[in-house]
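Please look first at the whole assembly, and then follow the paragraphs below from the overall arrangement down to single residues.

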Number of protein chains: 2
Amino acid sequence: MGSVLVLQSSRPPVGEGVEVFFRPRGVAVVGASRVPGKVGYTVLRNLKSMYQGPVYPVNPRAREILGLPAYPSLLEVPDPVDLAVVAVPARAVPRVVEEAGRRGLRGVVVLSAGFREVGPAGAELEKRLVETARRYGLRLVGPNCIGVYSPSTGVNATFFDPERQGLPGPGPIAFISQSGALGAAVLDWAEARGLGVSRFVSVGNKADVDEADLLAFLRRDPETRSIALYIEGVEDGRRLRRALEETTPVKPVVALKAGRSEAGARAAASHTGSLAGSYQVYQAVFRQTGVVPARSPEEMFDLALALALQPPMRGDRVAVITVGGGSGVMASDELSELGLQVPELSERTQARLRRVLLPIASPRNPVDVTGSAVDEHMVESLRVVLESGEADAVLLIPYFNLSGITGELPEKIAEVIRENPGIPVVASVTGGARAWSIARRLEQVAGVPVYPSEARAARALWALRVYGRWLERLGAG
Amino acid sequence: MGSVLVLQSSRPPVGEGVEVFFRPRGVAVVGASRVPGKVGYTVLRNLKSMYQGPVYPVNPRAREILGLPAYPSLLEVPDPVDLAVVAVPARAVPRVVEEAGRRGLRGVVVLSAGFREVGPAGAELEKRLVETARRYGLRLVGPNCIGVYSPSTGVNATFFDPERQGLPGPGPIAFISQSGALGAAVLDWAEARGLGVSRFVSVGNKADVDEADLLAFLRRDPETRSIALYIEGVEDGRRLRRALEETTPVKPVVALKAGRSEAGARAAASHTGSLAGSYQVYQAVFRQTGVVPARSPEEMFDLALALALQPPMRGDRVAVITVGGGSGVMASDELSELGLQVPELSERTQARLRRVLLPIASPRNPVDVTGSAVDEHMVESLRVVLESGEADAVLLIPYFNLSGITGELPEKIAEVIRENPGIPVVASVTGGARAWSIARRLEQVAGVPVYPSEARAARALWALRVYGRWLERLGAG
């Protein structure tokens, strides 16, 4: 195999050929297994249950798996096929990649572990994978990853156990994770939260395809409206920086860089084997490239959701419309601490609000419609505020457990927003199951992202302002 | 009624007679209504459906409501009765309180609004209520509140609509809220979250019973293990301070003071009519009295739960045991930023861990059992760490979506903790419905509070450390 090293090709242009992972014309599973619980079984079952194109199990010791005819090697798989998902022991992977290249495939997802993360011998094996892939113009995701998931195209090239792991449906957020287990847990959470994703990629060791490649694809991907990145460390900082620079003018990017403390950086080094790099350096890069920083996976999705559903904030002024006075106080606190303003509304706007509110309500800002309010008090306040020109964003705080606020509020809010577009609106809802089922509808019919606390809603507005300022700076430059 | 002012009695000793709100011997509902949707209907129905003792509707125009015989006034209600819940218009309330006093009741909960919060005339009316109550030795909760809830004794003296509002079952946290709507929404959330409460009081205008009275009761209440306070403003700061000083040596208190920013303070002033006071002053009082400060209702319950279920932390060292490396990194970040340590474990402890872990696992701190782990890797790591004497607390991060971690983990963890008591253990779980149903069991069988993010679990440990330091300081003093 020494000749392979000589024939080594250079790295393909950023993003080239990455599309195959999301829109393959046929997928082979190498290492497909008949044994439930095995990775090669689960990944085959996942693909079979979602993917509309042909799925080919590859296993030299089987004629049929899960009702599909099996093939002894990739070389014998019929057309159409351009993607292979690989779940064989590490030492067997180089030969599989070689065969994928000879068979004319365009992409391989290597789930197998046992490469760079286990030491020098593994690193050597990984180097061979990459060289083989490049020689054939194949793109490679992994190794040591949990796969690729693209709900709209039915690509579930993961070994997620559907009985244990919730999978989000299609949605506007693309999610790239350097940690597989964390990525899976976050998807499980996202599904329960009712969030959808456009594409999910567990990049693993990033031997070939990395964040920069995926950003290049995602910024042109019509299904993706915002991009969430979980990063522990990157080898080529300039490459990532360039990709971010080219992405944020087109689409918002939220990034979570783990390892911001000394203890965290030490843990990251021990986890991925790669140097985590200074957190401050990453934060500077994010600032300079218009990336919105997140501090936790939950926050990463919170912010990505707001950026996917709402326009950026073009100024600092927030109007708060609340059913509960206490929530208005807390929202004001949170917004102020994030550098946003909750200015008193003008006399003229307060007078207009008084005409649509109950006498006990407060027309200042927060606009406190009070616990005695009915839907129309919220809806008409929203209309007045959106028309006033005095708010760059609105934070709605309905209480769906009160008797005056009904399940029809989402549709009514959607209508007012349709009539007054361009100003971002988010909501905060404290409550149980019934409150959340109405809140989900507020997201669906009105595109208003809903958060379970004033703090998280305020942070979402902050993200819209950070991105808005970035776009202003680009426009001015 | 001028003579009433002359007969005015002084304020009763702090906490005196407050028990009647939680353990009444019979409850009358004044203003009981046959009309669904009315406050006087809902509160009667709520009491009837939960309370084991006698419930008496009072309404001069009804003979029977909801199958219960109705009485024209409190004076005619038979024994046993010592509590009245009042839902009549504000101007009629003074006479009701007078009759409650003459009838020999010990407590009234005034749900009615229209008192101090509406201006000088309302304030005068409120003054009369208090004077009447004091003359008869009656304690009064409210007015302008949403009531009292004590699940273990069946007291649901609220007008929560059970179709809209979740109600938590019995549990170890007492919750006192100055905001009614916020209190209700938080209870709705708590029920969905699976948290229980011992007592809930919406204090409203605090004309008579205030936080100090309730703290005096709660610190001796065997059902209450931690106390959560939502405060917008208090009139007598020294009174609250003294009550806190006498409570925290006995039981942990978490307090959320709204209005920490200028905008928030302005909103609070507009909401409660009372001056919010400087946030810094409150924070100083909390620090000086060992109160754990919270920044949101969610956080208030997060911290109260940890303080109710786990012993205080006696040092700063946290051992993190995680299935996902990325989560270990984030936990380390969060803990470090809160002033806690994630120190590397000793060579000896690392060696012991290596014997119980997979070869690819990391025995440093975070202890990364890896995504290939099974239950025993977590359980035995926990045992080694608890026995090592090198951790003042443990943060567990199981991933219930992985195939090696089973639904039996909670019982196994409970056993190890039983054998090694005294060191607080909390957990962080990212995931969907299945993961959370196992997580809830971890709370129930092992008493390990579970949080949906590393950040919130870290904050819970921080609260245990704040309270632990306070107890150390008291012990040293």
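To compare copies of a chain, they are superposed by least squares on the C-alpha atoms of residues with pLDDT of at least 70 in both. Two copies of a chain are related by a rotation about an axis and a shift along it. In this predicted model, chain B can be laid on chain A with an RMSD of 0.0 Å by a turn of 180 degrees and a shift of 0.0 Å along the axis, and that is the relation of a two-fold axis.

Local features need pLDDT of at least 70, side-chain atom pairs count only at pLDDT 80 or more, totals for chains, interfaces and linings use all residues, and side-chain values use heavy atoms, with hydrogens and water left out.

Where the chains meet, 67 residues of chain B are in contact with 67 residues of chain A, contact meaning heavy atoms within 4.5 Å. Since 100% of the interface residues of chain B are also interface residues in chain A, the copies meet through the same surface. The two chains bury about 4,700 Å² between them, 55% of it on carbon and sulfur atoms; buried area is the accessible area (1.4 Å probe) that two parts lose on being put together, summed over both. Of the area that chain B buries against chain A, 15% is supplied by B:Arg164, B:Arg266 and B:Asn401, more than by any other three residues.

Between chain B and chain A there are 5 salt bridges, a salt bridge being a side-chain nitrogen of Lys or Arg within 4 Å of a carboxyl oxygen of Asp or Glu. B:Glu337 forms a salt bridge with A:Arg260, and their closest N and O atoms are 2.5 Å apart.

B:Thr430 is found in the loop between strand E18 (425–428) and H15 of chain B, and is buried, with a relative accessible area of 11%, where buried means under 20%, exposed over 50% and partly exposed in between (1.4 Å probe, protein chains only). Not counting residues up to four places away in sequence, B:Thr430 touches A:Ala185, A:Val186, A:Trp189, B:Pro452 and B:Glu454. B:Ile173, in strand E10 (residues 170–177) of chain B, is buried with a relative accessible area of 0%.

Terms used: Residues numbered from 1 in each chain as written. Chains lettered and ligands numbered in written order. Helix = DSSP H or I, 4+ residues; strand = E, 2+ residues; numbered from the N terminus.
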